[in-house]
Structure formats: structure tokens, C-alpha cells
Amino acid sequence: AGAHRIATYLRDRNWDIEVLEFVMSWKLEQLQEFCKSRVNSKTTFIGFGGTFPIWSEILDNFFRWFKKTYPDVSIIAGGQVSNLYKIEADWYVDGFGEKALESLLKHITGNETVKWHHGVNGRKVIKGNIDYPSFPMKDLRIKYEDRDFILSTETLTTELGRGCIFNCSFCNFPVLGVKTDHSRDADNLYDELLENYERFGVTRYNIADETVNDY
């Protein structure tokens, strides 16, 4: 869901983003053919992200091929644990990444500076939760496109807010001890659920909040 959320945010800012799901099931030749049909002179970056630091030999070979074939296209890894990915990317965006990635793309395509930190093995890591916080956000909708091929049988993911009022010692979630209203706009949530039902027939969701019953 993180990739679709990033795509929605960037599309609202006039970027053309396509999300490719279930890449662990794709063969190397299929991934290569997909890129050949999509990458052109206007392509700025290819992103990779996941809930957990998943990886495979096919992805290893694919990204090596991609960098050799398209050396001017940046590879960006994103997610809550992006710095743990095995992928050799040009940039790593940790945490909630909307504003961090937007700043990074302005840096790549223009003269704006972006704040980054040294990670393991010299990786360039942008710490979104610290330097470019994307919370709280009243607009957390995910707007799917026809090319996302959403099925009525899918369980999609949505957010009611970002952050948690508690600060438990055992918790490693990134946004804790929040004192202000961090909930999402109700109409924004309503519009997302209604559109997904009317367009795709979706009725089931996972809630991706740090804590749902804290507010």
C-alpha cells in the first residue's frame, strides 16, 4: 500500500507514476520487458519498497541490469526499513516518505538541496520522519488507477491517521507520544471507500495505523 500512497501523492503533483505489484512472482525477463515498454527520456526514477526487507536473486539481477541499461535513472528504495534492503540504490528514504521523496525528486530534477545522512556502506539515507515529516496528514487517501488492476476480492489497505498517543518502551513504531489530533479527515476517508466500492467492488480493508484505539 505504501507504493500506491506515494503514487497518489506524486500524481497530485503532476508526476506520472505506475505501480508494479507482486514483483516477487515476476521472472527477470518479464521485469526487463516491462521496463523496456515504459522507460523513456522523461523517466526520472524507479522505486522499490516493501513492508519487510524482502529480496530475491531475480531482483538482484534485475536492478543490476537496470542500472547498466539506464544509468541516468535514479534507483530509490523506500519504506520504514528501506536502509535494511539488500538493494543497491542511489537513495534510501526511511519512514513516511511523501514529503521526503518530493524533496528528493526536486533535488534530482533541479537545483534544490536535500538533507541526507550516511547509512551503512556509504548509503545516502533521507530520514523522512525526522527531516521531512509526513505526519499528521489530513489527506491520506489512496487513489487507484485502472492500470492497477484492483479486484473486488482484494483486501486493500488504508490509514485513519499517523502516530500514537502512547509511548510504550517495547514499541519501535516511528511516531509515538503524539499530543495533538493526528486523525485523518473523515470526508477524505469516506470518498476513498466509496470510490473503491463503486469502481472495483472492494469491501474489505486492512487498517495500517500504529494504534487504532488510541484516539
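The second largest pocket of this protein holds about 180 Å³ of space. Closest to the centre of that pocket are Val 19, Glu 21, Arg 147, Asp 148 and Phe 149, out of 13 residues that line it. The structure is a predicted model.

**The pocket**

- Rolling a probe the size of a water molecule over the atoms shows where empty space is left.
- The lining of the second largest pocket is made up of 6 nonpolar, 1 polar and 6 charged residues.
- Phe 149, one of the residues closest to the pocket centre, lies in the loop between H5 and S6.

**Overall fold**

- The protein contains 6 helices and 7 strands.
- Read from the N terminus, the order of these elements is α-α-β-α-β-β-α-β-β-α-β-α-β.
- The radius of gyration is 18 Å, close to the 17 Å that the globule rule gives for 215 residues, so the protein is as compact as a globular protein of that length.
- The C-alpha trace spans about 50 × 40 × 35 Å along its principal axes.
- Of the 215 residues in the protein, 40% are buried.
- Among contacts with a separation of 6 or more, 65% are between residues 24 or more positions apart.
- The protein has an accessible surface of about 12600 Å², and carbon and sulfur atoms account for 52% of that surface.

**Backbone exceptions**

- Most residues other than glycine have a negative phi, and most peptide bonds are trans.
- Asn 14 is not a glycine, yet it has a positive phi of about 70 degrees.
- The position of Asn 14 is in the loop between helix H1 (2–11) and helix H2 (28–38).
- Asn 14 counts as exposed because its relative accessibility is 76%, and the cut-off for exposed is over 50%.
- Phe 149 is not a glycine either, and its phi is positive at about 55 degrees.
- With a relative accessibility of 64%, Phe 149 also counts as exposed.
- The peptide bond from Phe 135 to Pro 136 is cis, and its omega is near -10 degrees.
- Pro 136 is found in the loop between helix H5 (128–131) and strand S6 (155–158), and Phe 149 is in the loop between H5 and S6 as well.

**Lys 86, an exposed loop residue**

- Lys 86 sits in the loop between strand S2 (74–79) and strand S3 (91–94).
- The relative accessible area of Lys 86 is 52%, so this residue is exposed.
- Not counting residues up to four places away in sequence, Lys 86 touches Trp 55, Asp 60 and Arg 123.
- Lys 86 and Pro 53 are 33 residues apart along the chain, and their C-alpha atoms are separated by 7.7 Å.

**Thr 44, a buried loop residue**

- Thr 44 is located in the loop between H2 and strand S1 (45–49).
- Thr 44 is buried because its relative accessible area is 16%, and buried means under 20%.
- Leaving aside neighbours within four places in sequence, Thr 44 is in contact with Trp 15, Val 73, Ser 74, Leu 105, Ile 108 and Thr 109.
- Thr 44 and Lys 86 both lie in loops, but Thr 44 is buried whereas Lys 86 is exposed.

Note on methods. Residues are numbered from 1 along each chain as its sequence is written. This is a predicted model: local features need pLDDT of at least 70, side-chain atom pairs count only at pLDDT 80 or more; totals for chains, interfaces and linings use all residues. Side-chain values use heavy atoms; hydrogens and water are left out. On a 1 Å grid over the protein atoms alone, a cavity is a set of points where a 1.4 Å probe fits but cannot get out, and a pocket is an open set with protein on both sides within 12 Å along at least five of seven lines; lining residues have an atom within 4 Å of a point. Grid points are joined across faces, edges and corners, and a volume is the space filled by probe spheres set on the points. Ala, Val, Leu, Ile, Met, Phe, Trp, Tyr, Cys and Pro count as nonpolar, Asp, Glu, Lys and Arg as charged, and the others, Gly among them, as polar. Helices (H or I, at least four residues) and strands (E, at least two) are DSSP runs, numbered from the N terminus. The radius of gyration is taken over C-alpha atoms; the globule rule is 2.2 Å times the number of residues to the power 0.38. Buried means under 20% relative accessible area, exposed over 50%, partly exposed in between (1.4 Å probe, protein chains only). Contact means heavy atoms within 4.5 Å. Accessible areas come from the Shrake-Rupley method with a 1.4 Å probe; for residues, only the protein chains shown count as cover.
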